[in-house]
Amino acid sequence: KLAFYLEGYNAQCTQGLLVGFVHGFRLHFQGTHHGRFSLNLQSALQNPEIVDRKLDKEICEGRFRGPFVQPPFYNLKVSPLGVIPKKQPGEYHMIHHLSFPYGGSVSYFIPAELCSVHYASVDDAVKIIKLIGPQCHLAKTDVRSAFRIIPVNPADYYLLGMHWKGKYYVDCCLPMGLASSCRTFEKLSTAL
């Protein structure tokens with residue numbers, strides 16, 4: 001369906017989007033391919049029911065694979081899980097701490113130029129409105145779970161390991177805590 005909707009767009013951009021959504025997007029990791037195991041954060045250990053709920057939800061949504069009794073990859077990089085409160089009382093985020101440990105994390109080995117973003121400002125919008133004139137139409141959207149609808153290339157699954165209650169899990173969608181996620185999403189959204 002996406003190919004149909006992208007007909008008439010830049011061919012190179014269209015091809016990149018189609019390949020990415022069919023085969024997953026690469027994370028641009030440039031570190032070693034050795035496995036690593038990190039313990040979960042105290043916030044996760046103190047709130048096991050929240051982690052259980054979040055893991056179940058992500059599995060049901062098809063965004064996590066698991067649970068596995070053994071690491072599903074010989075070189076699985078297991079990053080810590082944690083829990084942080086949302087603005088609404090009683091609501092929580094589960095975090096996958098991909099910036100741990102400092103100097104050896106998954107995010108640490110993604111080049112800085114692939115992590116920077118430039119979001120459009122109100123001034124940018126005003127310039128475009130003035131350029132188009134009175135016939136200009138505006139729209140705003142908020143994509144629910146934006147990163148979580150973007151598939152990761154299976155060659156990078158080993159980078160997104162988790163361990164909980166003796167079982168292993170793998171994230172298969174673009175994680176919120178990854179250094180390159182914002183840049184990847186920005187490139188996709190500007191391409192569309």
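**Close-up 1. A nonpolar surface patch made by Ile-128, Leu-131 and Ile-132.** Together these three residues have about 320 Å² of accessible area (Shrake-Rupley method, 1.4 Å probe, with only the protein chains shown counting as cover for residues). Patch members have over 30% relative accessible area and no salt bridge, with like charges joined within 9 Å and nonpolar side chains (Val, Leu, Ile, Met, Phe, Trp, Tyr) within 5 Å; a salt bridge puts a side-chain nitrogen of Lys or Arg within 4 Å of a carboxyl oxygen of Asp or Glu. Leu-131 sits in helix H5 (residues 122–132); helices (H or I, at least four residues) and strands (E, at least two) are DSSP runs numbered from the N terminus. This is a predicted model, where local features need pLDDT of at least 70, side-chain atom pairs count only at pLDDT 80 or more, and totals for chains, interfaces and linings use all residues. Residues are numbered from 1 along each chain as its sequence is written, and side-chain values use heavy atoms, leaving out hydrogens and water.

**Close-up 2. The hairpin of S4 and S5.** Strands S4 (residues 81–85) and S5 (residues 92–96) pair antiparallel over five bridges (pairing takes at least two DSSP bridges). Pro-85 has Tyr-92 as its bridge partner in S5. Six residues lie between the strands, and Gly-90 takes a positive phi near 85°.

**Close-up 3. Two cis peptide bonds, Gly-66 to Pro-67 and Phe-100 to Pro-101.** Omega is near 0° for the Gly-66 to Pro-67 bond, and Pro-67 lies in strand S2 (residues 64–68). For Phe-100 and Pro-101, omega is about -5°; Pro-101 is in the loop between S5 and H5.
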